[in-house]
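I opened the model to look up a few side-chain and helix details. My notes follow in the order I took them.

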Amino acid sequence: MTHAEADAPARPLFTGRLAVVLVYTAAMCMNGLDSTIVNPALFAIAGDFGRPVSAANAVETAFLVGLAVGLPVAGWLGDRFGVRRVFLGALAVFTLASAVCAAAPGLGTLTAARAVQGVAGGLLTPVGMTLLFRAFAPHERAGLGKVLIVPTALMPALGPPLGGFLTEHLSWHWLFLVNVPIGVAAVLTGVFALRDQQEPPAGRFDTTGFLLATPGLGLLTYALGFGPAHGWDSPAVLAAGVLGAVLLGLAVRHQLGAQEPLVDLRLLADRTFGAASWLALLTAAGLMGALFAFPLLYQAALGASALDAGLSVFPEAIGLMAASQVVDRLLPRLGPRRLALPALLLAALVLAALALPGVGENVWAVRALMFGVGLILGTAVLTVQIAGFADVAPPAMGRAMGLFTIVRTLGGAFGIAGAAALIGALAEDGTHGAEPGPYRVALLATAGAVALGALVATRLPREAPGPPPMD
């Protein structure tokens, strides 16, 4: 070894784009799992703290409300303090909040820590995708399907069965403890391997937009989260929903007229990005609504247990993994429009088939159709997500990611709330009964949302993003 080699600083194990992919995947897998992993543990949590299950539901709703609160400011914070710093800071807070959740002595502490987790998660999603998309040119992003599909779709699908397994064989505390070593490793890797990048000017902070959009999103998410369980005419739900909608309406009006808006809604005027954003809303509504309604139908049609019903949707996760391979190979050949449009139409038919009488009684038909949902709808979702940012300039990437994530998150919340509202309205006693009819109507509504997306897909470009021109 020469003196120069001996004196040279040690190189980090992971550098460049590999480090970005590893840290992004670890962080977003934690975030994706935590959006669903707690659901099967609510009974155990309520029992440990001597509280009713309705009170334990606040643990999940607090996470969703925190998520909605963090989303609007993510883009500005990334521009102001740097994407790397905000991402690693949010990841550190998420990891610390996970440790507090695991050690929580009471339901209040657990709910508060979950809210902090949600705020950090709301920052992680758009800032993390900005970090990832800046590392890869538009023509290289088709290959990111294998990365994007794991945290955004596979982890939420794995959450319920993993949460049930850990709760049954260990304890609910492990739902949060598993995040700690992963989070610490990801933060340390990011600190030593990720580099700061030149950020666009952040501009003046839009205080008015923040004071309107942040509570508006939080209140609306609260109403959507508690409405199906507590009733839409509950005073708290009704007040939160109305006030949240009013504040969001005022926020939209302000954002469109502001010189430096917190959330730049004018990005929706771009043909490709606008179409991708509306498609994100419709596909998230369809997918999340179906994943909510179908396990209930499965129990109503077959008398299956909650665990069996949760496992019945697992083939969807396998289909999603296959979708990443399909997009990697077909998007460069077919282009976004010719790949997404037929996929959306076919996905709508598959969702409608789940509502047909007799399907719920056939276990293998259920498995095949759920695999089809993951494969076909996953292909459309990934295509839209990759194509939508092809024309977004790097300086606008952070705020575009924030807007896209807000739209997609609200779409999922609307899908679940809409399905729950249909089921509640059509059930004879207004509750979840044994008749499968209301659940089938809800599934048909989710199919309709996805079919509507096929009309929007006609605005996607024909050609896939190509490499930049040679100088």
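How many aromatic pairs does the count come to? I got 1 aromatic pair, working on a predicted model. The pair is edge-to-face because the ring planes of Trp172 and Phe176 stand at 85 degrees, over the cut-off of 60, with the ring centres 6.3 Å apart. I then checked burial. Trp172 is buried, at 2% relative accessibility, and Phe176 is buried too, at 0%.

I also looked for a charge over a ring. The charged end of Arg367 lies over the ring of Trp364, at 4.5 Å from the ring centre.

Next I looked up Thr95. I found Thr95 in helix 5, which covers residues 83–102. Its relative accessible area is 7%, so Thr95 is buried, the limit being under 20%. What does the side chain of Thr95 reach? I noted the backbone oxygen of Leu91, at 2.8 Å. Setting aside neighbours within four places in sequence, I listed Met30, Asn179, Val180, Gly183 and Val184 as the contacts of Thr95.

Asn179 and Gly183 took me to helix 9, where both are buried. I recorded Ala186, Val187, Gly190 and Ala193 as buried in helix 9 as well. Down the helix axis, the buried residues fall within an arc of 155 degrees, so they line one face of helix 9. An α-helix has 3.6 residues a turn, so residues three or four places apart point the same way. On the face of helix 9 turned away from the buried side, I noted the exposed residues Pro181 and Phe192.

Last, I checked the length of helix 9 (residues 179–193). Its 15 residues should span 21 Å at 1.5 Å a residue, and the end C-alpha atoms are 21 Å apart, which agrees.

Key:
Residues numbered from 1 in each chain as written. Predicted model: local features only at pLDDT ≥ 70, side-chain atom pairs only at ≥ 80, totals over all residues. Heavy atoms only, no water. Phe/Tyr/Trp six-rings, centres within 6.5 Å; stacked < 30°, edge-to-face > 60°. Buried < 20%, exposed > 50% of the residue type's maximum accessible area, 1.4 Å probe, protein only. Lys NZ or Arg CZ within 6 Å of the ring centre and 35° of its normal. Helix = DSSP H or I, 4+ residues; strand = E, 2+ residues; numbered from the N terminus. Polar contact = N/O pair within 3.5 Å; in protein donor to acceptor, adjacent residues only side chain to side chain. Contact = heavy atoms within 4.5 Å. Expected span 1.5 Å × (residues − 1). Arc of directions from axis to C-beta.
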